[in-house]
Amino acid sequence: MKSLEELKAIRDRMKSSVTLREEQGDNIRVVVGMATCGIAAGARPVLSAFTEEVAKRSLQNVTVTQTGCIGICQYEPVVEVYEADGKKTTYIKMTADKVAKVVTDHLVNGNVVKEYTIGNL
């Protein structure tokens, strides 16, 4: 970066990119609990599996992120899926092997995988 104008151009380019993401009304957010309890229970491979599966399928409306403690440590690894309409689904005791089914059934086809949710205890 050699000038203030160049910095402003980068800022403007990034602002428009953020605005585009915020305006997409059909975004789905996948949040993986990555606190110490989640990592100890195997959340790292779950996060990697979600990231890889979403990228492999080129799902432009899905964002995969991580968070700290979700508060239900006995059910780790925990993954929460937030849909555009505000609906939240909490998946518990997730493994990397379960990710493909959640992506296919829930993220692509809109069908919650009930046997992996907290409501199925």
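**Labels and their cut-offs**

Author: Helix 3 and helix 4 are oblique to each other.

Reader: Why are helix 3 and helix 4 called oblique?
Author: Their axes, lines fitted to C-alpha atoms over the stretch in contact, cross at roughly 40°. Angles under 35 degrees count as roughly parallel, over 145 as roughly antiparallel, 65 to 115 as roughly perpendicular and the rest as oblique, so the pair is oblique. By the way, this is a predicted model, where local features need pLDDT of at least 70 and side-chain atom pairs count only at pLDDT 80 or more, while totals for chains, interfaces and linings use all residues. Numbering starts from 1 along each chain as its sequence is written, and side-chain values use heavy atoms, leaving out hydrogens and water.

Reader: Which residues of helix 3 meet helix 4?
Author: Pro45, Val46, Ala49, Phe50, Glu53 and Val54 do, against Ala96, Val99, Ala100, Val102, Val103 and Leu107 in helix 4 (contact means heavy atoms within 4.5 Å). Eleven of the residues in this contact are nonpolar, none polar and one charged; Glu counts as charged, while Ala, Val, Leu, Phe and Pro count as nonpolar.

Reader: What makes Ser58 partly exposed?
Author: Ser58 has 48% relative accessibility. Buried means under 20% relative accessible area, exposed over 50%, and partly exposed in between (1.4 Å probe, protein chains only), so Ser58 counts as partly exposed. Ser58 sits in the loop between helix 3 and strand 2, and its phi is near 55°, a positive value in a residue other than glycine.

Reader: How do you know that Lys93 is partly exposed?
Author: Lys93 comes out at 44% relative accessibility, so Lys93 counts as partly exposed.

Conventions. Axes are lines fitted to C-alpha atoms, for helices over the stretch in contact, and angles run from 0 to 180 degrees between N-to-C directions. Helices (H or I, at least four residues) and strands (E, at least two) are DSSP runs, numbered from the N terminus.
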